[in-house]
Amino acid sequence: MNTTLETPTASITANEPTWLANRRQTAHELFTSLEMPSLKDEFWRFASVGRLNIDNFNPAKTPTGEKLAEIVDRSTIVSERAGRSIFVDDALAEFEGLNEELIAQGVIYLPVEAAIQEHPELMEKYFLQESTELGSQKFFGLHASLVRAGSVLYVPKGVEIKQPIVNYYWTSGERSAVFPHTLVIAEDNTQASIVDIFFSDTAENEALNVAVSNIHAGNGAKVFRKVVQDWNEKTVSFQLDTTVAGRDSDVKNVAVNIGSERARFENQIRIEGAGAHVKLYSLTVAEESQEFDQRTFQTHNAPNAVSDLLYKNALLDKSRTIFSGLIKVAEGAQQTDAYQTNRNLLLDPTAEANALPGLEILANDVKCSHGATTGNVDENELFYMMSRGISKRTAMQLMVFGFFEEVIEKVENDELAENLRQLIRNKFESKIK
Amino acid sequence: MSDTAIQDEAIKVDTEKGNFKYPENYAYDAGVGLNEETIRYISKVKNEEPWLLEFRLKALETFKKKPMPTKWADEDLNNIDFDKIRYYLSKGQMPARSWDEVPDDVKQTFERLGIPEQERKFLAGVEAQFDSEASYSRMKEDLEKEGVIFVGSTEGLAKYPEIFRPYFGKVIPTADNKFSALNSATFSGGSFIYVPKGVKLKQPLQAYFRINAENFGQFERTLIIADEGSEITYMEGCTAPKFETATLHSAVVELVALKGAKIQYITVQNWSSNVFNLVTKRGMADENAEVKWIDCNIGSRLTMKYPGVVLKGKGARGEVLSIALANDGQHQDTGAKMMHLADNTTSNIISKSISIGTGRSTYRGQVHMPKHLKNCKNNTECDALLINTNSRTDTYPAITTRGENNTVQHEASVSKVSAEQIFYMMQRGLSEAEAMSLAVNGFVNDLMKAFPMEYSVELKRLIDMEMEGSVG
């Protein structure tokens, strides 16, 4: 085990409050005391834990001013926005705050460090308080003990933010370990959308990412989070995301995963209020020897709520995907509608898709279902197009992109959707035969 | 099951009636607890060859080494006390009990299912042995003419080692899981069957014909070999509740379907609700062969059973049809495994479960298609029906797919009986309970058709009975 990750950093801010020092200390103990995951752990079933290596990474060093400026110029995936932060190797490269109108309404959007200084009570209540329970507790400990970069969005009651908040998290240095953090607190009857973007500076810089996102959606809140993950293929990535959904809240989550050498993605939704609507969509495009390990958990603790999940994976070469999803309907959570769908498109015989769709239902008046399918492109559909004069390759491309489109259109932002299509095309188009 | 309970005290029936046989030897008892001595004792009593003793002893080591699978399985398993179990009871040492001691609900069930008087006593554990010798021997004659071997495990390994030994423990290796290891160490009873090339048995073979102390033993071992092009249907268990004091049952069933053969294995499990039923069942299907498990679980406290098929030859087919009924305090943890190892293999899993009261039913499945395979297909459907607000159901499938032109689809749904349906039926004069029964029977109806007629009729009655008192 590398010693630099085991040494806790002195502090996040100049005068760190005691609660934060304590929380980071506890997290550090969690990280050092827990073992690395093993295949014996159900939460890591099918994952190639042998390949999981976090040694030899160091907490990232601040890049040069030129590098920061150059990367700011490349952070252009969403142009219409309410605010933007750009972190490179956990250092703040640029921060574009909210307009005066929103500030006057009491909306807070700040980097983590500034939020701790300026809003200690809010941060004490929410910062580093939620972690996924899907096997990566050790890595949550690592994140929480070393977190520096990240942004906090607080939306007071009744306020609606029309434009998205955009957070970029870049890696650049050699063997950098980064710990991006996104915290969203949307009070009752609010509306907000957040785009988190994970990019690498070059195709070569090796990196370890352990990102955490915690969303609190109050009663009647509408929160929409979009995640674009396009690390280079030398990056080991963890994304540990939690959402707590209040009464009649409307929570949406779209993730597009393209990059990394291996990526572990944990997404935990806890429905605590009656009548909540939660939608989770994900698209993953895997190639070469990439491994995408996705674990999801939809917990219904309140009645009359709906949750719907669609995870699509397209696999090339020797890539692997694991989808492990669990719907849990607690006792008393009657009139629940919970769905879960996993679709895997195998484009090469050597690719491997694993599906573990699970249900645990403790209430009887529910509608729950899950479906998982794995297969190749439908021969009949291919034949139909070819019989109309479309070449096989074009037909394949149309069908594969059609498979993706179901998720891409869910981002509900034309510019972002087009940029996503372009990212996927860059990676993928030449590979479809 | 104390040592002082002697058979003669308990049973007072006319021995001529129904042609009962009494055990001749009372001396065999391996005592309580499990150690090397127990194993040596069992092997000695059975007069086994040294290789088999060796096999048992190795299995004992494996059993001791393997941890309880409580990481993923029901923690109720921890309530099994291996030191308090009797691992071998020969015929004479079956627990004796008088008819008066049999609980009323069990007696009523017999009554309503229309089980013949003599059978009731056996099933209730009053009779130690019930051999319907007449029907069995007639059948045996027919079978022998065709060259079919149908014997117990001890006889099979002793008399026909050249047939059974090559496959014994090959489909389910000792170390497959903790309970297969336990069975390998302590097995006794069960059926060993060989069906010669091209022989297609018209009538199903039933363990029922061979009811005796050993056959319903705690650690029965069954091995069925269907030679090329042959066909066999085998049935075990019966719909009547089997009243037992022994709390652990751990069977191993291995099926071998050689080229073009077909094996259909039907189980109806209705142990009394104090029994842990931890069973390993797996079939191997060669080229164009077919293995089909039809599995129905109604009784027991905790059942863990995931019948599997290893699709070893091209064009092999595997199927699991499963019905589980979990009532108050029961956990039916069932499922299926399909290991595709050759091109053009297909598998189908249909599982339906019903949870009543605090009952919990779980589906656990595994479908595996490795790379280099072509044109394999799997279809899995699991539907769960929840009757009461405190009923529970879980689904945990695991699916791995690689290779060319392989297709896997898995679907699961959870629902309750719709209020509209019940209302409709009640409007037409049915009571709520009757309406509920009808709805539940409708839910499993298409699967029920896969069972032989007499079974499906009894199953329907059983479901009616289980549904009673669950509404309102």
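Predicted model: local features only at pLDDT ≥ 70, side-chain atom pairs only at ≥ 80, totals over all residues.
Among the contacts in chain B with a separation of 6 or more, 83% link residues 24 or more positions apart.

Within chain B, strand 15 (residues 346–355) has a parallel partner in strand 13 (residues 317–326), and 10 bridges join the two. In this pairing, B:Ser322 of chain B lies opposite B:Ser351 in strand 15. Strand 15 of chain B is also joined to strand 17 (residues 377–386) of chain B, again by 10 bridges and with the strands running parallel. Strand 15 of chain B is mostly covered, with seven of its 10 residues buried.

Is B:Pro166 buried or exposed? Because B:Pro166 has 10 C-beta neighbours inside 10 Å, and 12 or fewer is the cut-off, the residue counts as exposed. Between the C-alpha atoms of B:Pro166 and B:Thr389 there is a separation of 51 Å, and the two residues are 223 residues apart along the chain.

Turning to chain A, strand 14 (residues 262–271) is mostly covered, and nine of its 10 residues are buried. Strand 14 of chain A pairs with strand 12 (residues 235–245) of chain A in the parallel sense, over 10 bridges. For A:Gln268, the bridge partner in strand 16 of chain A is A:Phe297.

Chain A also contains a helix contact worth a look. Helix 8 (residues 379–387) and helix 9 (residues 392–408) of chain A pack with their axes 9 Å apart, at an angle of about 130°. The two helices of chain A are therefore oblique to each other, and helix 8 passes helix 9 in a right-handed crossing. From helix 8 of chain A, the contact draws on A:Glu381, A:Leu382, A:Met385 and A:Met386, while helix 9 of chain A supplies A:Lys392, A:Ala395, A:Leu398 and A:Met399. Sorted by class, this contact between helix 8 and helix 9 of chain A has six nonpolar and two charged residues, with no polar ones.

Finally, the two chains meet. On chain A, 34 residues are in contact with 33 residues of chain B. At least two residues of the side of chain A that touches chain B come from each of strand 19 (336–346), strand 20 (352–361) and strand 21 (366–375) of chain A. By class, that side of chain A has 15 nonpolar, 12 polar and seven charged residues. Strand pairing also crosses between the chains: strand 21 of chain A pairs with strand 19 (residues 407–416) of chain B in the antiparallel sense, over seven bridges. In this pairing, A:His370 stands opposite B:Ala412, a residue in strand 19 of chain B.

How values were computed. Residues numbered from 1 in each chain as written. Chains lettered and ligands numbered in written order. Axes fitted to C-alpha atoms, helices over the stretch in contact; angles between N-to-C directions. Helix = DSSP H or I, 4+ residues; strand = E, 2+ residues; numbered from the N terminus. Parallel < 35°, antiparallel > 145°, perpendicular 65-115°, else oblique. Left-handed = near helix turned anticlockwise from the far one by under 90°. Contact = placed C-beta atoms within 7 Å. Nonpolar A, V, L, I, M, F, W, Y, C, P; charged D, E, K, R; others polar. Buried ≥ 20, exposed ≤ 12 C-beta atoms within 10 Å, placed from the backbone. Pairing = 2+ DSSP bridges.
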